Amino acid sequence: AFQIIFGLILLTFYSTSFIILGLSLFLIIFLIFRITGPKGLSTSIKESKYKYNLAHWIEEIANNTKTFKIHSQKNLHLEKTDDITLGYLNSRESHFKILIKQFKLFIGFKVWVAASLLILGGFLVFNQQMNIGQFVASEIIIILIINSVEKIMKVVETIYDVLTALDKIGYVTDLTLDNGEGKVDIDT
């Protein structure tokens with residue numbers, strides 16, 4: 001993020017026309033995350049809930065092995081395991097669709113940035129508002145900005161995982177505490 005910000009600030013020293021380019025870069029990055037971010041987070045949380053639900057169900061099967069053996073003709077344990085696993089796979093697939101959509105948008109972003117730089121730089125060089133050396137230097141800075149955006153894109157899934165973990169921690173801390181001090185409360 002610092003490379004992107006300082007790179008855009010440095011570009012404005014070459015030409016004030018790059019201010020418009022920099023503002024549009026921020027707007028596009030903001031829109032990409034604003035449009036796809038909430039959906040990516042919700043699919044990540046849903047995927048995590050299915051994962052932990054499956055782990056809980058397998059623990060229940062392990063704790064009640066005799067019960068499931070007695071009623072083995074019903075195959076309840078297999079059917080419910082299949083249902084939970086199918087839900088997990090569907091939510092995982094929808095999460096990957098969001099990640100792929102973000103990846104496509106970032107590729108479009110890179111193409112737009114490169115094309116904008118060439119058009120704007122070529123226009124400025126042609127009108128003699130910038131010399132070739134400044135144009136090459138601005139090209140290098142733009143390449144650094146694009147690489148920084150790629151680095152951000154690579155950690156997006158990790159950011160979703162961290163936010164999902166915070167959601168899980170929030171869920172656990174919101175649970176009510178048992179104040180029974182080891183005694184069974186028959187009234188409730």
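**Helices and how they pack**

Helix α2 bends by about 40° at T36, and a proline, P38, follows within four residues; the bend at a residue is the angle between axes fitted to the seven residues ending there and the seven starting there. This is a predicted model, in which local features need pLDDT of at least 70 and side-chain atom pairs count only at pLDDT 80 or more, while totals for chains, interfaces and linings use all residues. Residues are numbered from 1 along each chain as its sequence is written, and side-chain values use heavy atoms, with hydrogens and water left out.

Helices (DSSP runs of H or I, at least four residues) are numbered from the N terminus. Because the expected span is 1.5 Å times one less than the number of residues, the 47 residues of α2 (residues 17–63) should span 69 Å, which agrees with the 68 Å between its end C-alpha atoms.

Two packed helices are described by the angle between their axes and the distance between the axes. Here axes are lines fitted to C-alpha atoms, for helices over the stretch in contact, with angles from 0 to 180 degrees between N-to-C directions. Helix α2 packs with helix α4 (residues 76–126) at about 170°, their axes 9 Å apart, which makes α2 roughly antiparallel to α4 (angles over 145 degrees count as such). The residues of this contact (heavy atoms within 4.5 Å) divide into 23 nonpolar, 17 polar and 7 charged, where Ala, Val, Leu, Ile, Met, Phe, Trp, Tyr, Cys and Pro count as nonpolar, Asp, Glu, Lys and Arg as charged, and the others, Gly among them, as polar.

The axes of α4 and α5 come within 10 Å and cross at roughly 170°, so α4 and α5 are roughly antiparallel to each other. Their contact includes F103, F106 and F109 of α4 and I132 and F135 of α5.

Helix α1 (residues 2–14) also meets α5 (residues 132–154), their axes coming within 9 Å and crossing at roughly 160°.

Conventions: Helices (H or I, at least four residues) and strands (E, at least two) are DSSP runs, numbered from the N terminus. Angles under 35 degrees count as roughly parallel, over 145 as roughly antiparallel, 65 to 115 as roughly perpendicular and the rest as oblique.
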